[in-house]
Amino acid sequence: MAHASPPSSEADTPPTSRPWERKERHIAPLLFKILALGVVVGIAFALTPTLLGQERWGMLAAIWAITGVLLATYATGRGLPAKYLVPGTLLLVMFVVYPIVMTAQLSTTNFGDGTRGTKEETVAQIIGSSVVQDPDAPRYNLTVGTQGSPTTGPFAFFLVDPTTGEAFLGTAEGLEPADDEVTVTDGFVREAEGYTILSPTEVNDAGPELAEFTVPTDDGAIRQLGISQAFEGRTTLQYDEDADTITDVRTDTVYTVQQRGDREFFIDDQGSRVSDQSWRANVGLDNYKRIFTDERISSDFIRIFIWTLMFALLSVGTTFILGLVLAEVFNEPRMRGQKIYRALLILPYAIPGFISLLLWASFFNRDFGLINETLGLNINWFGDPTLAKVAVLLTNLWMGFPYMFLVCTGALQSISTDLKEAASLDGASGFAGFRHVTFPMLLVAVAPLLVSSFAFNFNNFNAIYLLTEGGPFTPENPTAGGTDILISYTIRLAFGAGGAQIGFASAVSVLLFVITGIIAAAQFRATRALEDVN
Amino acid sequence: MSKLVRNLAAGLAVAFMVTACGGGGAESTGNGGEAADEPTAESSGAPERGDADLVIWTDALKIDAVKTVADAFGETNGITVAVQAVSSELQTNFVTANSANNGPDVVVGAHDWIGNLVQNGAIDPLQLTPDQLSGYSEKAVQSTTYDGQLYGVPYGIEALGLYRNTEVVKDEPKTLDDAIAAGEAAKKAGDVKSALNLPVGDLGDAYHMHPLYTSMGGYLFGVTPEGDHDPNDLGVGSPGSVEAAKKIAELGEKGQGVLRRSVSGDNSIALFTGGDAAFLISGPWALNDIRESGIEYAVQPVPGFAGEEPAEPFMGAQAFMVASNGQNKAFAQEFVSTGVNNEEAMTQLYEGTKLPPSMTSVQEAIGGDDPDIALFAEAANQAQPMPAIPAMAAVWEPLGKAYSAIVGGADPEKTMKDTGRTIAEAIGKS
């Protein structure tokens, strides 16, 4: 019989059961996985010696933890959901959670301009900067020699007085003439018996050790200045570690540690500071308290918060409506030149935001701007608070509607035309059909994008700063302007008057994060209702 | 062997191979491992420090001139020098990088940074001899001296001057009132759109308004007997400042209309080079644009108002400073004390940046070649150095906004007094 079925054994065997075929099908992904995991482990190994050398234990532990997680996830065959979730979660932890934790840590300190270092560093810098040169002493030509190693000493200074040509040997005991044992060429000691002369690079590399070496004299000490000079000077301030005071040896003034505001200074009994430099200290929740108790800040905060909300809502609202209207209009298949119109409408989105904003800022100039000149108006756009808000919203509308246009075009095209035909057959055509059939389905697709656009505009620093810098300002209140949103206000508070107050700025950032997070969470909750539509 | 062990073995084998190949690069990855509890130099403008023997940071305008001097120094001493440009926020980037031990050895910047840099412990004092210092103009040395110590070697000084469009206004005005009158006449005749271009903008410009402010008797900070500025003696809100505010209101939008908020730093020079303004108050940085535009111009120091004190604009000095946490402090001190501090280097810097030189011998040498620069040098020698104290940071914005409001028509006395109070509060809180 021609139609006899073939022997059942071949037909019953599933194609993947043969061992050699199974391996061949999966060899390429396996190789890739081995290579990728190998690179990860290799990086961890390569970085370990350096991190050990620099004693960065936290970084070392973090790198090995990440390597361990990646290996555990991908080297085994189990845990399939983890294989999808781990990369995203790792990136979330590294680039979102960790910076937030660091910011929260900073917000409990007074870190900023004037409080950059630790107390030891600050005291060392203050004392080190108090060396005053003796104007009568000569400026010696310096050559550094050593009887030991070029990096650790013990060092000796060979000094030549350029006016007299005399050579001296300076050691930790003092200065003595050294004309016999040394050879002087061109005003510098080039050779000395029993000493190795350091080259300029060696002098530079011996940096910290050499900086501490001084030759004591009657009035002070002789110190290194650069590679080729030495000067005589006196350290005018001295630090007493037990008493925690700094004393000025010229005037015998004693400076003690006193608290001024959120930081401590060395202050004498007249109230003057020895230096404006202070050190980093923990201030607990003082930065947060300041946000709510400082009158200047708390009175403006509510007003700016409301405007930020309105700015975000109106930006999203106006761009969405305009984008949707245009998308719906161009969705008509009978319209000619669709592609050209679409290309032109997307242009504002293609221009880099910075450039558009700077250009628009110049358009709004009262006397020389494009808008006033072409329309023949004399509107003071950025001088009046309400008009400035309108200007900012107009610009944001121009910049944002192409994005909404694209998104709505895509969403509209994904709604099947059968539904619209069915609706129009039932009598709902035109605007009613749009409102009851198209729009709800559109909203399901577009709602997450609206939420994210809201969050973006809530913190849209560029739009406000490049257009108006937050202005206009009134003389009574130069810190909070008419178009300030929370983030531009924060940056001005933190980096404006009084230098950079990074600890305070961190506290406001954490607060902003909490506010934005709550709003976004609430919005996502609300969009869940839309899922019932489908 | 189980699948897990097999995969792990293969992975480890590859890992060791990769480590062996990348072993030489382990040194350079050290820079990437910054401490977790310190902010790193991650701002967009800060470059990686590099391995050269001497690293200098400057901004994009000056890099060529600084490179010339630095390369010459490197050749003489047989070391490698790297000059890196940080295009924006050089001061902030420098402080952050320096405190993370990742900063340069030398930084080139304006003298009014010095207060903030010393407050952050970011720069070390220099030890030039009194002899060497006498070769510089007195105001330049005064500007880079802070708390009794010299912190920078000044190479250029700049101050505002008055540019005049000589096609439109032929004679040199003796006072600022004469200048404004001549400018207004030219505006009426239709030759220009603007009598005097002084940048104001919506946020104000305290730097450019200063000559007018000082001419009417205003001052910013009182000076202690030692010569330092005293943050407790604030001049904003004093009677002199109120007089200045009244005069500015007279010239403002509700008055003569000479000062307008629509003229700001963005367009004031461009309007002058376009032939639309009779006078322009600006500094030597505008010279290039003005020369290229072909306008016939003349320069003079800013004159005061008739019957009032002479106008004293701010003087700014550009200086070389030594970083406190640089890796090559000895080379840095050597470079600043000897490599820059000589006539040849100063002349090269002048030729590269066209900034009036602060070394008096170089000032005299260029007198014949470039009379405009000589005039700016004269203006700078008559000007008062910008206060470098950290309290100054609390002054710029509020005072600028006050000027903008006054030009816009706000009550001058109330505005100035309110601003004085705001600034005093801000200083008191810090």
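## Ground rules

Two strands count as paired if DSSP finds at least two bridges between them. Helices (H or I, at least four residues) and strands (E, at least two) are DSSP runs, numbered from the N terminus.

This is a predicted model, where local features need pLDDT of at least 70, side-chain atom pairs count only at pLDDT 80 or more, and totals for chains, interfaces and linings use all residues. Residues are numbered from 1 along each chain as its sequence is written, while chains are lettered from A and ligands numbered from 1 in the order in which they are written.

Strand 10 (residues 221–223) and strand 11 (residues 229–234) of chain B pair up antiparallel over three bridges.

## Helix 9 against helix 16

In chain B, helix 9 (residues 239–251) packs on helix 16 (residues 393–407) at about 45°, with their axes 8 Å apart. Axes here are lines fitted to C-alpha atoms over the stretch in contact, with angles from 0 to 180 degrees between N-to-C directions.

B:A245, B:I248 and B:A249 of helix 9 meet B:Y403, B:I406 and B:V407 of helix 16 (contact means C-beta atoms, placed from the backbone, within 7 Å).

## Where chain B touches chain A

The contact takes 66 residues from chain B and 64 from chain A. On the chain B side, helix 1 (3–22) is among the contributing elements, and helix 1 gives the most, with 12 residues.

Conventions. Contact = placed C-beta atoms within 7 Å.
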